[in-house]
Amino acid sequence: MILHIDMDYFFAQVEERENPRFSGKPLVVGAEPKEGRGRGVVSTCNYEARKYKIRSGMPISRAYKNCPDATFLPVNMKLYEGVSENISRIIESVTKNYEKVSLDEAYLDIKEIAKNYSTAERIGSDLKKLILERESLTCSVGVGENKMIAKIASESEKPDGLVIVKPCDSSRFIVSRSIREIPGIGPKTEKRLQEILSKGNLTVKDVRSISKEQLNSVFGKRGEDIYNRVRGVDDSQVVSEKKAKSIGREETFDKDTLDPEKIINTFRKIVAEVAEAAIEEDRKVKSIVVVCRSMEYETHTRQVSFGPQVIDFDFLYKKGVRLLLHLLTENSGPIRLIGVRVLFAVDD
Ligand code: DCP
Ligand code: CA
Ligand code: CA
């Protein structure tokens, strides 16, 4: 049982909250059209602006043509990231078993905490209430038997929606929807499906009429996935970040190398990235692994373990560089790739 949560017109709603005089009138977040700065496209807009056919990704100049009277604001990413963090903390108060997929979106695996779909509905409405009370923001929530159904459910009654789809209703729930409402089916896939069926405006039902063999022959490996998705089947799991066993980075050299300068600089860089990621995770580390791949694709690793502790760059570098030196002396030829990984202690 999965719950999907997605914030309503996220960047724009946060701006409305910060400055209530923007509410109730068209608001576009993306760039300042007069100065022509910023990314040049609309990041998002509120629902009033959507009435003027303004959409995410549209050039800001076009949004301006559609609605010159709208308020245009630059993207204040720091602000939205902070809000996103706060929302993650609220989600964590419901369950640690969640996967954040973007700044404004997450999947919660709620099978352990909701024994049935009416409990799930209460969890959904409690979560919405918490976010509204603590952050003064609305969001939409969907619950379903898998990630895909939950996402379609949360999208289906925006803004401020709460939609619960019981497993017995999944198939019916999606059958008459546009094929584009199926997550993972973008404009290119849609076009090829239209070609197969020689028909526009495809519904899920239309695509169900295509055989598995035909989908496979057109889309290769993805064919099976499309076949399953239009039938409401999605086996992908909620990958909770908190449960990641390790994090690491690797880098392949442009050219196989033995240049000590190059190797050590690259090593420092990946150590810095891994240290930063580990600090971000806020978890204790119990081992460090260094990987070295030779020209012949032989992979050598060296590992050191210690009592679980919080690490920083200096610690990781000091331990890691010894492992690296061992690997380099064992391995005579030029190096193709190096990598650093930290294994977390299982404490949560
Ligand atoms: N975003 C962006 N550029 C895009 C799409 C989105 O910068 N092309 C940013 C701005 C959005 C945020 O990501 O506020 C979340 O994207 P969503 O697709 O979830 O859209 P919204 O939250 O803005 O609207 P909705 O109410 O439809 O979810
Ligand atoms: Ca959103
Ligand atoms: Ca989103």
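Me: Where is Pro 159 found?

Reply: The place of a residue is read from the elements on either side of it. Pro 159 sits in the loop between helix 6 (147-156) and strand 8 (162-164). The model is predicted, and in it the peptide bond from Lys 158 to Pro 159 is cis, with omega near -10°.

Me: Which value does phi of Asn 201 take, and is Asn 201 buried or exposed?

Reply: Phi of Asn 201 is near 40°, a positive value in a residue other than glycine. Asn 201 belongs to the loop between helix 8 (187-197) and helix 9 (204-208). Its relative accessible area is 72%, so Asn 201 is exposed, the cut-off for that term being over 50%.

Me: At what angle do the axes of helix 12 and helix 13 cross?

Reply: For a helix pair, one reads the axes, then the handedness, then the residues in contact. The axes of helix 12 (residues 260-281) and helix 13 (residues 313-330) come within 10 Å and cross at roughly 140°. Helix 12 and helix 13 are therefore oblique to each other, and helix 12 passes helix 13 in a right-handed crossing. On the side of helix 12, the contact includes Ile 263, Ile 264, Phe 267 and Val 271; on the side of helix 13, Phe 313, Leu 316, Tyr 317 and Gly 320 are among the residues that make it.

Me: How is the packing of helix 1 and helix 4 to be described, and which residues make the contact?

Reply: The angle again comes before the residues. Helix 1 (residues 10-18) and helix 4 (residues 77-94) pack at an angle of about 95°, with their axes 10 Å apart. Helix 1 is therefore roughly perpendicular to helix 4, a term that covers angles of 65 to 115 degrees. Helix 1 contributes Phe 10, Phe 11, Val 14, Glu 15, Arg 17 and Glu 18 to the contact, and helix 4 contributes Met 77, Leu 79, Tyr 80, Val 83, Ser 84 and Ile 87.

Me: Which residues coordinate the calcium ion (ligand 2), and what is the geometry of its site?

Reply: A metal site is read from its donors, their distances and their angles. Asp 6 (OD), Met 7 (O) and Asp 104 (OD) coordinate the calcium ion (ligand 2) at 2.1 to 2.3 Å. The site is octahedral, with angles of 80 to 172° among six donor atoms. Along the sequence, the donor residues have the spacing D-M-x96-D. Asp 6 is buried, with a relative accessible area of 7%, and Met 7 is buried as well, at 2%.

Me: What are the protein donors of the calcium ion (ligand 3), and which residue bridges the two ions?

Reply: The calcium ion (ligand 3) has Asp 6 (OD), Asp 104 (OD) and Glu 105 (OE) as protein donors, lying 2.3 to 2.5 Å from it. Their spacing along the chain is D-x97-D-E. Asp 6 bridges the calcium ion (ligand 3) and the calcium ion (ligand 2), which lie 3.6 Å apart. Both Asp 104 and Glu 105 are buried.

Methods. Residues are numbered from 1 along each chain as its sequence is written. Chains are lettered from A and ligands numbered from 1 in the order in which they are written. This is a predicted model: local features need pLDDT of at least 70, side-chain atom pairs count only at pLDDT 80 or more; totals for chains, interfaces and linings use all residues. Side-chain values use heavy atoms; hydrogens and water are left out. Donors are N, O and S atoms within 2.8 Å of the metal (3.2 Å for Na, K and Ca); water is not among the atoms, so sites may look incomplete. Four donors count as tetrahedral if all angles lie between 85 and 135 degrees; four count as square planar and six as octahedral if opposite donors are over 155 degrees apart and all others between 65 and 115; anything else is irregular. Buried means under 20% relative accessible area, exposed over 50%, partly exposed in between (1.4 Å probe, protein chains only). Axes are lines fitted to C-alpha atoms, for helices over the stretch in contact, and angles run from 0 to 180 degrees between N-to-C directions. Helices (H or I, at least four residues) and strands (E, at least two) are DSSP runs, numbered from the N terminus. Angles under 35 degrees count as roughly parallel, over 145 as roughly antiparallel, 65 to 115 as roughly perpendicular and the rest as oblique. A crossing is left-handed if the near helix is turned anticlockwise from the far one by less than a right angle, and right-handed if clockwise. Contact means heavy atoms within 4.5 Å.
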